Amino acid sequence: MAWSAMRDLHRPNRRLSRWRDFDAVREFVRGLKLNTRAEWQSFANGRMPDKGPFPTDVPKRPEATYKYGGWAGWPDWLGTEAASHRRWRHFLYARRFAWFLHLQTQAEWVAYCRGKLAAKGICPEDIPSRPEVVYRDAGWVSWPDWLGTACREKDGIWRDPFPVAREVSRSLGLKTREEWLDYCSGRRPDLPPPAMGITSEPDVVYADCWVSWRAWLGVKLGAKHRRNYRDLATAKAFVTPLGLRNNREWRAWCRGSMAELPSKPDDIPTCPEVVYRKRGWISWGDFLGSGSIPAAKPGEFRAFDDARAFVRKLGLNSGDEWQLYSRGVLPGKGRRPADIPSNPHRTYRDCGWRGMPDWLGRDPLRVDKARSFRDARAFVRTLGLRSAMDWRLYSRHRLPGHEARPLDIPSSPDVHYRRKGWLDWGDWLGVERPHPGRPMRLFGAAREFIRGLGLRGNAEWRTYSKGEMPDKGKRPMDIPGQPERHYKGRGWLSWPDWLGTRPNAPAQVHRARRRQDSGGGEPDGSSKTGPDVLQPVVQGRRIRGRRGVQMVPRQHETGGNQAKAAETKRKRPRH
């Protein structure tokens with residue numbers, strides 16, 4: 001077909017005489033009611049007998065034949081240009097329709113759009129067959145999101161999207177959570193068995209979309225029942241002994257996720273902040289009895305001097321203790337008043353704020369008040385800390401089993417004692433740890449010490465270096481844990497040479513070859529032969545000729561000959 005099209009380009013007279021006029025052919029093609037280019041190819045190849053035989057005066061490649069004769073694209077050729085400007089259904093409604101089809105893959109969607117899934121029906125005209133193109137800038141995410149297979153649980157089981165699952169649950173006619181659990185457990189023979197995508201914990205799986213069990217099951221309450229709630233005081237009297245601390249725990253209790261607590265009565269609303277909005281509602285802390293402080297408006301806080309005087313009487317020692325007190329979890333200090341802000345550095349930023357030590361009444365640590373480096377280091381080494389992270393936790397009073405850090409020891413000793421004796425964290429905490437700038441032993445002395453340990457391999461060296469061989473003692477701090485890096489270029493040969501397990505054979509080979517290349521003798525002028533000297537081995541391939549079997553060296557062994565041949569060829573005169 002490609003050859004005939006090329007031949008027609010060189011014979012324009014035959015081309016015009018062979019094919020019909022463009023307008024006539026396009027009118028004929030539009031009458032076939034083809035929708036896509038793939039259907040046109042099927043018709044041209046004779047795979048659509050219901051459309052009749054393919055005419056001989058109609059080209060199979062109209063885009064090439066009528067390229068300069070009126071061609072305007074496949075929608076214009078097939079008569080589907082109106083479909084490209086069709087008013088499609090909104091993305092959310094179209095995706096909801098696709099969810100209820102319960103298709104799993106893109107291939108099934110394509111088959112459905114082509115009408116090959118008779119059980120699913122026919123695709124509506126206002127839903128595109130290629131949603132990834134139509135809804136590219138209107139909400140498209142992915143094919144799993146379009147088909148509803150993106151909602152997956154941790155155990156790998158595919159779950160139906162929330163609207164689909166809720167529609168199924170509402171069609172069952174269940175009234176309570178207990179009836180739903182019985183249905184999911186198979187104890188309701190009067191109802192159809194639960195499908196694969198149905199979960200017994202919809203409040204957990206669909207936590208982002210969850211409202212309530214009544215909304216999930218479609219239970220509608222009458223106006224009389226909606227108004228039959230307890231008054232605010234009676235509801236608070238029932239809720240306060242439960243010990244709920246915040247809104248999140250309240251929602252969990254309303255969902256029934258706290259089995260140790262009694263279930264929520266029907267006459268206590270799930271959204272008390274809405275029901276009691278005009279009946280005395282203050283805040284969640286007031287309703288639950290947890291003492292949570294509501295967000296105060298600007299101008300409702302105490303003056304800076306009065307607030308600071310109150311806070312200084314509390315005897316707090318650090319900013320961490322202030323945060324605990326501000327949240328109401330510091331024992332023995334009571335609850336923070338509502339007119340004292342939890343973030344004073346923001347509220348009093350322009351009203352006299354000078355820092356947390358001034359706010360708490362603790363003078364900031366000054367250079368002249370800090371302990372000397374040696375005294376501070378001696379005290380810290382008695383704490384038994386092992387790392388810089390342990391020190392930071394201890395410094396913030398978050399390390400169990402340790403008292404508060406003294407005020408005359410800085411929390412950042414690496415900065416405070418930078419030029420007063422500081423080496424590293426290992427030296428500060430009393431943990432032996434090599435420092436990058438600490439001098440190491442010379443290679444010969446270090447190797448002599450290691451050979452005396454009797455280690456047999458690299459694995460034993462790693463174990464000894466980590467201090468896991470008590471019978472060998474601890475590795476000295478002036479011997480590196482990675483000698484192959486530290487002594488590279490300073491005498492390092494190999495692990496057998498470092499540990500003294502066997503002679504360094506590669507080094508002997510190199511020394512023997514150097515001696516043979518220089519004349520085959522010892523440095524004192526004598527020659528030495530025998531099994532102790534390793535002779536160089538010429539590797540290659542054997543060939544058989546007139547002179548018997550010979551060894552032909554490989555290409556890398558004849559580098560000198562090749563260089564001479566290249567030099568001779570370069571000097572050869574050109575003819």
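Predicted model: local features only at pLDDT ≥ 70, side-chain atom pairs only at ≥ 80, totals over all residues.
User: What makes a residue part of the lining of a pocket?

Analyst: A lining residue has an atom within 4 Å of a pocket point; the pocket is an open set of points on a 1 Å grid over the protein atoms alone, where a 1.4 Å probe fits, with protein on both sides within 12 Å along at least five of seven lines. The largest pocket has 31 lining residues, and Asn35, Thr36, Cys113, Ser129 and Arg130 lie nearest its centre. Its volume, the space filled by probe spheres set on the joined points, is about 1,300 Å³.

User: What is the make-up of the second largest pocket's lining by class?

Analyst: It has 11 nonpolar, five polar and eight charged residues. Asp, Glu, Lys and Arg count as charged; Ala, Val, Leu, Ile, Met, Phe, Trp, Tyr, Cys and Pro as nonpolar; the others, Gly among them, as polar. The lining has 24 residues, with Trp213, Arg214, Cys254, Lys264 and Asp266 nearest the centre. H18 gives the most, with four residues, and the volume is about 700 Å³.

User: Why is the pair of Arg312 and Asp358 called a salt bridge?

Analyst: The rule asks for a side-chain nitrogen of Lys or Arg within 4 Å of a carboxyl oxygen of Asp or Glu; Arg312 and Asp358 are at 2.9 Å, N to O, so the pair qualifies. Arg312 lies in helix H21 (residues 304–312) and Asp358 in helix H24 (residues 356–360), so the bridge ties together parts 46 residues apart in sequence. By this rule the count comes to 25 salt bridges.

User: What does the salt bridge of Glu273 and Arg251 link?

Analyst: Their side chains meet at 3.2 Å, N to O. The pair links distant parts of the chain, with Glu273 in helix H19 (residues 272–275) and Arg251 in helix H18 (residues 247–255), 22 residues apart. Glu273 at 22% and Arg251 at 24% are both partly exposed.

User: Why is Ser169 called buried, and what does its side chain reach?

Analyst: Ser169, in helix H12 (residues 162–170), is called buried because its relative accessible area is 0%. The side chain reaches the backbone oxygen of Trp216 at 2.8 Å, and one of its polar atoms lies 2.8 Å from the backbone oxygen of Arg166. Beyond neighbours within four places in sequence, Ser169 is in contact (heavy atoms within 4.5 Å) with Trp180, Trp216 and Leu217.

Methods:
Residues numbered from 1 in each chain as written. Heavy atoms only, no water. Helix = DSSP H or I, 4+ residues; strand = E, 2+ residues; numbered from the N terminus. Buried < 20%, exposed > 50% of the residue type's maximum accessible area, 1.4 Å probe, protein only. Polar contact = N/O pair within 3.5 Å; in protein donor to acceptor, adjacent residues only side chain to side chain.
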